[in-house]
Amino acid sequence: MLLVKQLVRVVPCLSSGVAIARGGLQISTGPYTAKLGSTTHRLIRRLSNSYSSNTMDTETYAFGPYKIDPKEVFYSTHLSYAMVNLRPLLPGHVLVCPRREVKRFVDLTADETSDLWLTAQEVGSQLESYHKASSLTFAIQDGPQAGQTVPHVHIHIVPRKGGDFEKNDEIYDAT
């Protein structure tokens with residue numbers, strides 16, 4: 001289970017609008033919450049009894065041309081943020097994005113690249129544990145011919161389990 005007291009940076013606890021920020025918890029009331037099961041709601045309630053914060057409520061986020069409701073962001077650093085995917089391939093499918101709108105991976109600064117991947121590593125670790133997955137798929141579609149539909153760099157993180165697709169690589173056909 002999630003070890004909240006050992007966290008230094010902002011870390012996700014699941015694929016919802018929930019975030020644990022330095023000393024605080026942000027609970028989403030956005031549209032994604034309705035898709036969560038009772039186990040998720042119990043985890044949110046338990047965590048919210050220990051932590052509270054409104055720090056992310058005042059932040060603004062953009063995903064290419066789209067404005068993102070801060071309540072849908074469950075993880076945030078000074079250079080990156082994570083949010084649930086509107087069209088998840090599997091339960092727990094999330095996106096990690098740089099805060100600055102950057103269309104192509106090559107245009108990220110070194111600090112943005114580092115923070116993006118460190119964020120993806122931390123988010124992935126928590127998702128894998130929470131969803132009892134055995135593996136993770138990390139994917140970037142860099143440019144329209146690669147299948148990128150929103151012109152803003154983002155890493156897809158998908159918790160994986162045996163048998164989630166008949167053939168393991170079918171996940172790429174699903175995008």
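In the predicted model, Val-73 stands opposite Met-83 of strand β7. Strand β6 (residues 73–76) and strand β7 (residues 80–84) run antiparallel and are joined by three bridges; strands are counted as paired if DSSP finds at least two bridges between them. A hairpin of three residues connects β6 to β7. Helices (H or I, at least four residues) and strands (E, at least two) are DSSP runs, numbered from the N terminus. Residues are numbered from 1 along each chain as its sequence is written. Because the model is predicted, local features need pLDDT of at least 70 and side-chain atom pairs count only at pLDDT 80 or more, whereas totals for chains, interfaces and linings use all residues, and side-chain values use heavy atoms, with hydrogens and water left out.

On its other pairing, β7 is linked to strand β8 (residues 94–98) by five bridges, again in antiparallel fashion. Within this pair, Ala-82 has Val-96 of β8 as its bridge partner. These strands belong to an open sheet of five strands, ordered β6-β7-β8-β10-β9 with antiparallel pairing. In general, strands of a sheet pair through backbone hydrogen bonds, either parallel or antiparallel.

Ser-80 lies in β7 and is buried, with a relative accessible area of 0%. Buried denotes under 20% relative accessible area, exposed over 50%, and partly exposed the range in between (1.4 Å probe, protein chains only). The side chains of Ser-80 and Asp-115 are joined by a polar contact of 2.6 Å, a polar contact being a pair of N or O atoms within 3.5 Å; within protein, one must be able to donate a hydrogen and the other to accept it, and residues adjacent in sequence count only if both atoms are side-chain atoms. Beyond its neighbours within four places in sequence, Ser-80 is in contact (heavy atoms within 4.5 Å) with residues including Tyr-75, Cys-97, Leu-116 and Thr-119.

The largest nonpolar core comprises 15 residues, and those with the most contacts inside it are Phe-74, Val-96, Val-123 and Ile-157. Such a core is a set of buried Ala, Val, Leu, Ile, Met, Phe, Trp, Tyr and Cys residues joined through side-chain atoms within 4.5 Å. At least two residues of this core come from each of β6, β7, β8, α2 (110–130) and β10, and α2 gives the most, with four residues. Another core, of nine residues, lies apart from the largest one and has Phe-63, Val-73, Met-83 and Val-150 among its members.

Val-158 is found in strand β10 (residues 155–160) and is buried, at a relative accessible area of 2%. Val-158 and Thr-137 are 21 residues apart in sequence, with a C-alpha to C-alpha distance of 5.1 Å.

Overall, the chain contains two helices and 10 strands. Buried residues account for 48% of its 175 residues.
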